[in-house]
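Me: Can we go through this model together? I'd like to start with the packing.

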Amino acid sequence: SEPQGRQPGEWGAFGAHHDEGRITRCTDPDPTWALLAQRSIDRYAEIEEQSGVQFFSEVGHLAVGPAGAPSLVARAANAAAQGVPHELLDAAALRERYPYLSFPAGAAGVWEPRRSGHISARRLVAAQISAAQRCVRPGVAFERVDESAVAVEEEAAKAAAGTDQATGEAEGEAPAPSYRVLLRDGSELRAARVLLCCGAFTNGPSRLVPAPLRLSNFTTQTVHFSLGDGDAARLEGMPSVIAKFPTWWAYLLPPIRYPDGRTVLKLGGARMEDASAPAARLDAADRTLGRGGTRPLPEPSDLLTWYRSGGDAAARCEMEGMLHELVPGLQPLEVRSDACANCRTETGLPLVGKVRGQLYAAAGGNGLAAKSSDEIGRLAALAALGSLCCGEGGLQRWQEPDYESELLARERFAPC
């Protein structure tokens with residue numbers, strides 16, 4: 001559940017979805033991430049209908065960088081190959097269409113008008129939970145246990161009577177419970193299978209995996225401008241924005257109404273230490289373990305300390321300046337900053353699949369996963385359960401090539 005403390009430093013638990021603004025888009029320089037997003041976005045309307053919770057704002061998305069930058073070229077190429085409607089904008093078109101935004105000379109953009117914009121991360125999670133509860137078949141138990149897990153312990157599993165050779169899963173009855181999930185209140189759960197979806201906290205401090213997975217945590221930080229009515233009206237219709245230039249990078253969420261009544265314009269980003277880094281180098285850095293303005297969090301204690309800090313004061317000042325440069329003329333009523341963490345993988349793709357025995361994991365969003373969480377979750381469910389019902393009595397299995405794209409081959413996501 002969401003921490004109830006008034007300030008981040010008071011929180012005892014942390015989740016990346018405790019916020020109202022996450023960019024969603026069908027385009028991406030990486031075709032796999034583009035496909036994960038598209039499949040998730042395909043189901044947004046269904047999830048909203050099943051749950052009664054609205055979480056998607058279709059305001060469009062704009063990607064900006066130097067004209068000819070590899071990231072823009074790859075994004076446009078993937079969009080064309082995957083049938084995503086988009087438009088290429090030069091510097092003059094950017095100035096005409098978005099007069100309230102200011103980009104460096106020589107900028108160009110990829111405009112994605114439909115099935116893109118932003119989502120409320122906390123309402124998406126609420127909608128997914130509600131939809132799951134409503135879709136449970138009669139006679140199947142569903143219980144949400146609102147307590148922190150401190151350890152997962154494996155017990156000796158009882159032999160199952162036969163194995164499906166295609167999936168490696170037991171046929172007939174499920175294997176007897178072979179895991180104990182110990183909770184902070186001293187109680188425990190017993191399960192035949194366990195699926196861990198703990199993001200940056202997968203490797204600790206709780207004892208969840210028998211050995212650390214190949215995950216690396218890095219700091220992230222955002223700055224929030226609370227806007228008055230005049231600024232909010234001036235920016236009405238603004239899309240979500242991702243900008244990458246040789247000396248800085250940023251993402252920008254349009255004005256969003258938060259539960260406490262504030263209208264918030266949010267930016268994350270940093271200036272690059274190497275001012276001469278070419279665009280191609282920035283694109284590569286964005287897909288690996290580092291990025292300008294971030295630093296590693298090697299130990300669970302570092303992760304907790306960072307979350308409780310609320311962020312770095314110098315980074316906050318830097319991002320304030322960047323936001324004023326990107327959106328000139330702002331007169332914020334209040335400025336806040338918040339700290340989060342980015343859980344990255346060596347491949348740049350999430351880790352989804354078996355860890356050991358009947359213990360599974362889905363982790364490593366690489367700063368790209370909020371919009372794609374539904375498809376990543378579907379793949380995780382396929383990994384843990386072997387198959388999912390679909391259509392009129394049909395079954396989905398992850399390894400069937402006639403259903404899945406080669407981009408989503410399960411070995412590409414294997415945790416171990």
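This is a predicted model: local features need pLDDT of at least 70, side-chain atom pairs count only at pLDDT 80 or more; totals for chains, interfaces and linings use all residues.

Reply: Residues are numbered from 1 along each chain as its sequence is written, and side-chain values use heavy atoms, leaving out hydrogens and water.

Me: Which residues touch the most other members of the largest nonpolar core?
Reply: Leu-62, Leu-101, Phe-103, Leu-252, Leu-265, Leu-323 and Val-327, in a core of 30 residues. Such a core is a set of buried Ala, Val, Leu, Ile, Met, Phe, Trp, Tyr and Cys residues joined through side-chain atoms within 4.5 Å. Buried means under 20% relative accessible area, exposed over 50%, partly exposed in between (1.4 Å probe, protein chains only).

Me: Which element gives the most to this core?
Reply: H9, with 4 residues. Helices (H or I, at least four residues) and strands (E, at least two) are DSSP runs, numbered from the N terminus.

Me: What does Phe-103 touch?
Reply: Leu-62, Val-64, Leu-94, Val-241, Ala-243 and Leu-326, not counting residues up to four places away in sequence. Contact means heavy atoms within 4.5 Å.

Me: Switching to H2. Which of its residues are buried?
Reply: Tyr-44, Ile-47, Glu-48 and Ser-51, within residues 44–51. Down the axis of H2 they fall within an arc of 100°, so they line one face of the helix. The arc is that of the directions from the helix axis to the C-beta atoms.

Me: And which residues are exposed on the other side of H2?
Reply: Ala-45 and Glu-49.

Me: What covers the buried residues of H2?
Reply: The cover includes helices H1, H5 and H10, and strands E1, E2 and E6.
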